[in-house]
Structures are given as C-alpha cells and as structure tokens.
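Hi,

Could you take a look at the structure below when you have a moment? My notes on what I found in it follow.

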Amino acid sequence: MEYSHAEHPDFGTGEKKLGIYVTGIIVCAILTVLAFWVVVSRTLPRFETFAIIYSAACIQFLVQLLCFLRLNLQTTQSKINVMSFIFTIVILTSIIVGSLWIMWNLHYFMM
C-alpha cells in the first residue's frame with residue numbers, strides 16, 4: 001500500500017540519529033550503576049539510599065522517554081503523542097488510586 005501524501009509518514013518522533021541513542025544508553029547506564037553502588041556500598045542511611053534510588057529511577061524514566069521514545073513538542077503529531085502519553089498516565093493513576101481506595105474502604109468496613 002502506498003502513501004499518497006508523503007514518502008515517509010510523520011509519526012512525530014523526529015529524525016533518527018545515533019547520537020541520541022548513545023547518549024541515552026550512557027546516561028541510563030550511569031544512573032543504574034549509581035543506584036547499584038549506593039545499595040552495595042551501604043555508606044548512606046536508609047532514607048537517603050531510597051531517595052537516591054527513587055531519583056535515579058525517575059531521571060532514567062525521563063531519559064528513556066526523551067531519548068528512546070523521542071517524545072517532543074516539535075510537530076503536531078508529536079504533540080498528539082505527548083497528549084496521548086499524558087492521558088494514559090492519568091487513566092492509569094485513576095485506576096490505581098481508585099482500586100487502592102476501594103480496597104482500603106473494604107478493609108475498613110470489614111474489620
């Protein structure tokens with residue numbers, strides 16, 4: 001099947017470049033090694049260890065969104081991709097929070 005409008009369809013991800021993938025891999029590897037080192041060395045208190053692991057995980061999530069999924073706001077299609085991602089996060093959050101709320105209420109009223 002041929003595309004009548006363009007030779008390559010626009011998926012909103014921009015131009016594929018090797019540099020962005022290499023950068024993403026290096027940053028993700030550094031964050032993974034950082035979290036592993038913090039746990040193995042046992043030099044920090046428990047709260048600080050959890051804070052560093054959580055921070056590294058959040059930063060790694062953002063790096064993977066930007067470098068590998070290439071979410072951006074450059075074209076109309078990419079804006080639609082970002083809005084779809086945000087909508088997915090909102091729906092998942094609603095389902096998880098609603099389920100926890102229902103389970104808490106069931107536990108409260110059953111005891």
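Let me start with a loop residue: R42 sits in the loop between helix 1 and helix 2 (helices are DSSP runs of H or I with at least four residues, strands are runs of E with at least two, and both are numbered from the N terminus). The phi of R42 is near 55 degrees, a positive value in a residue other than glycine. R42 is exposed, at 73% relative accessible area (exposed means over 50%, buried under 20% and partly exposed in between, with a 1.4 Å probe and protein chains only).

Before the rest, a word on the source. This is a predicted model, in which local features need pLDDT of at least 70 and side-chain atom pairs count only at pLDDT 80 or more, while totals for chains, interfaces and linings use all residues. Residues are numbered from 1 along each chain as its sequence is written, and side-chain values use heavy atoms, with hydrogens and water left out.

On confidence, the protein chain averages a pLDDT of 90, and 95% of the residues score at least 70 (pLDDT is the predictor's confidence in each residue, from 0 to 100). Among the elements of the chain, helix 1 has the highest mean pLDDT (96) and helix 3 the lowest (94).

Back to the loops. R70 also has a positive phi, of about 55 degrees, although it is not a glycine. Most residues other than glycine have a negative phi. R70 is found in the loop between helix 2 and helix 3; with a relative accessible area of 10%, R70 is buried.

Next, the aromatics. The structure holds 4 aromatic pairs (rings of Phe, Tyr and Trp, the last by its six-membered ring, pair if their centres lie within 6.5 Å; planes under 30 degrees apart count as stacked, over 60 as edge-to-face and the rest as tilted). One of them joins Y21 and F68, whose ring centres are 6.2 Å apart with planes at 20 degrees, so this pair is stacked. Y21 lies in helix 1 (residues 18-41) and F68 in the loop between helix 2 (46-67) and helix 3, so the pair ties together parts that are 47 residues apart in sequence. Y21 counts as partly exposed at 25% relative accessibility, and F68 counts as partly exposed at 30%.

Another pair is Y108 and F109, which is edge-to-face, with 5.1 Å centre to centre and 75 degrees between the planes. W104, Y108 and F109 form one aromatic cluster.

Those three residues also belong to a nonpolar surface patch, made up of W101, I102, W104, L106, Y108, F109 and M110, with about 950 Å² of accessible area together. Patches are made of residues with over 30% relative accessible area and no salt bridge, with like charges joined within 9 Å and nonpolar side chains (Val, Leu, Ile, Met, Phe, Trp, Tyr) within 5 Å. A salt bridge here is a side-chain nitrogen of Lys or Arg within 4 Å of a carboxyl oxygen of Asp or Glu, and accessible areas come from the Shrake-Rupley method with a 1.4 Å probe, counting only the protein chains shown as cover for residues.

C28 is buried at 7% relative accessibility, and C67 is buried at 9%.

Best wishes
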